[in-house]
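Please keep the sequence and the model in view while reading.

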Amino acid sequence: MEETSVMEMQQVAVASAGPKKIVRAEDVNWSVAAKDFWVVGGLPGAGKSDLLATAAGLIPPERGKHTLFGKEANALTEEELVELRARIGFVFSYGGRLFQHLTVAENVALPICYHQNISPAEAANRVEPIVELAGLSEYGHLRPDWVPRYLHPRVALARAMALAPDLLFLDNPLAGLAPRESRWWLDLLDQLAAGHPLFEKKPMTLVVGTDHLRPWREHGRQFALIQDKHWFALGDRAALSSISNPLARELLTAEGFGN
Amino acid sequence: MPTFSSGATDAPSEGNLFPARIPRRFLNAVGRVLLGLTNTIHGLGAFILISLGVALTKSGLAPRVIRPLIRSQIYRAGVRLLPMVGFLGFALGFVVIGQTVSLLSRVGATKYAGLIMVSSIVRELGPLATTLLVLARVGTATVIELGTSRAMGEVEALEALAIDPIHYLVVPRLAGIAVAVSGLTVYLILVALISGYLFAFVQDVPLRPEDYFGQIAAALSWEDFVLLGIKTISFGIIIAAVTCYHGLAQPLRLEEVSGAATSAVMQSVVACIILDAIFITVYLVM
C-alpha cells in the first residue's frame, strides 16, 4: 500500500543542533505527502536548515510529534531509524559536506557499499549512472579538492541519491550558483519529481529550503515560509500570485543568486 | 562572620602550623580542576564504552567497508613505523645492556642480564616506548583528521547516510591501532633483545648467546605473554579512544583542533602510565 504521508510534524518546536538549544521555529504543523515538491523560503538565519534537518530526522524536535513514513521518529529503534534514514536523502548547503578523503565516485559509493556490503568495484555499475546523471563523469576519480567548487553540491546530490531515496531534502541548493547552473538543478529536480528512468520512473518527494522563492515558483508545487520563528503555509503555485505576506512577496520577486 | 579576602591568607597563629583560612580563589581553582578532571573521565569513559559496544554489536556489519579501513589503520600505525621502532628497539637494547652489564660484570652477576632484559624491556619499556611512538606518529594525526572532519560537518553527513559515525570512524582506529601497538611491541622487544646481546658481544662481556637467551627464556613465564598481550592491546585502545574522543566528541572549530590534539596526547600518556602502574602491581603479586 502506497504511503500517503511521508513526513508529518504536529506542534513541533524546531531547535538548533549543538549543545546550546535555540528554538528556531515553534508550533510547526506540516504534512508532506508522497510526490510533493515543497519549497520552504525564509531569510538567511531564519532556521530553514534546522527545520529541514529536523524534518529529515537528523535533529530531534524540542517538542511535538514528528513522524516519518507513518512511524513516530522518537520511538524508533536503531535498526528502524537506519532503515528509515536509508529512504531519505539530504543535500547539505554550502558545499554539501563531502568526505574530503574520498574521491567523487567513492563519496557516492560509500552508502551503497556500507548498506549492501559490497566493494566499490562491485558498486561501480550503480555508481557510474548516478555520477553521469549529476554531470560528474570526468571528475569521478578526483577528490573534492580537485573538483570545481560550484560542482560540490552536485556531488552531494549524487551521494544523496545513491540509495534511491523516497524523500529528498535539499538545503539551499542554488546558493551562490550562476544562472546556467541553477537551471541545470531546476531541470534535474523536475525530472526527479516526475520520476527519472534511473530510479524506475518513481516520483521522488522533494523538500527544498531556499533564501529565494522566485526561481522555484514554476517548479515547486507547495510553498511555505519560515519567519520570526513561525511557520506559514503559503499554498500552491496558484496561491502565490495573491500572497499578502510582505516577506513572501519580497522573496518571490527579489533578484538574487540562483535566479 | 569572618570573610575571606581575595588572595589573602592569615599568618599562622602561635602554636598553629597551618593558616587559619585558605583563600577562596585557591579553592575555586582546585575545584575547577577537579570538576574538569571528573567531566573528562566521565566523557572519556562513556565514549570508550560506547565505542567498544558498537565494535562488538556491529562486528558483522558492512565488513567489506570496515575491514579495509582496519587494514589501512594497521598499515599506517604499524607497518609504516617498523623502521622507527626497529631503531628504537636497537637503541633500547644497547642502552639497557650497556648500563647494566658493566655493573653486573663488576659484581660477577652477569647471569642476571637476561632477567633484567625481561623485567625492563619485555614488561615495561617495550610496551610503553612503542605506545608513545605510535601516539606521537598517529595520535595527533587522528585528532586533527577527526577534528577537521567534525568541523567540516562530515559526521552529520554520515548520519544522514544512515552510517554510524562511531562504527565508520572510531572502530577501525580502535582495532587497527590496538593490533599495531601489539605487533610493534613484539617487534621492538625482539630487536632490543638481539641488540642487547650484540652490545655485550662487542664489549667482550663473558656471556655466551645460549646463556643469554637461556636466561631470558627462564625469566619469562606464560603470564608474561598474556599480560603483555593485554597491556599492549589496552594501550592501543586507550590512545585510539582518547584521540578519537578529542576529535569527535565535541564540536570543534578549526582553530581548536591543535589544542585538542595536545590535550589528547597528554591524557593518553597519563592514562597509559596509570594503566602501567596497575600492571606493575599485578606483576608484583604474581
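**A guided reading of chain B**

Chain B has an average pLDDT of 85, and 92% of its residues score at least 70; pLDDT is the predictor's confidence in each residue, from 0 to 100. Over residues 1-16 of chain B the pLDDT is below 50, although this stretch has 17 contacts in the model beyond near neighbours in sequence. Two residues are in contact if their C-beta atoms, placed from the backbone, lie within 7 Å. Where pLDDT is low, the predicted coordinates should not be read in detail. This is a predicted model, in which local features need pLDDT of at least 70 and side-chain atom pairs count only at pLDDT 80 or more, while totals for chains, interfaces and linings use all residues. Residues are numbered from 1 along each chain as its sequence is written, and chains are lettered from A and ligands numbered from 1 in the order in which they are written. The model scores ipTM 0.92 and pTM 0.86.

The secondary structure of chain B consists of nine helices and zero strands. Here helices (H or I, at least four residues) and strands (E, at least two) are DSSP runs, numbered from the N terminus. The radius of gyration of chain B is 24 Å, well over the 19 Å that the globule rule gives for 286 residues, so chain B is more spread out than a compact globule. This radius is taken over C-alpha atoms, and the rule is 2.2 Å times the number of residues to the power 0.38. Along the principal axes, the C-alpha atoms of chain B fill a box of roughly 75 × 75 × 35 Å.

How do two of the helices pack? Helix 4 (residues 113-151) and helix 6 (residues 165-202) of chain B pack at an angle of about 145 degrees, with their axes 8 Å apart. Axes are lines fitted to C-alpha atoms, for helices over the stretch in contact, and angles run from 0 to 180 degrees between N-to-C directions. Among the residues that meet are Val134(B) and Val138(B) in helix 4 of chain B, and Ala180(B) and Leu184(B) in helix 6 of chain B.

Finally, 15 residues of chain B are in contact with 19 residues of chain A. Helix 2 (63-77) and helix 5 (154-160) of chain B each supply at least two residues of the side of chain B that touches chain A. The largest share of that side, five residues, comes from helix 5 of chain B.
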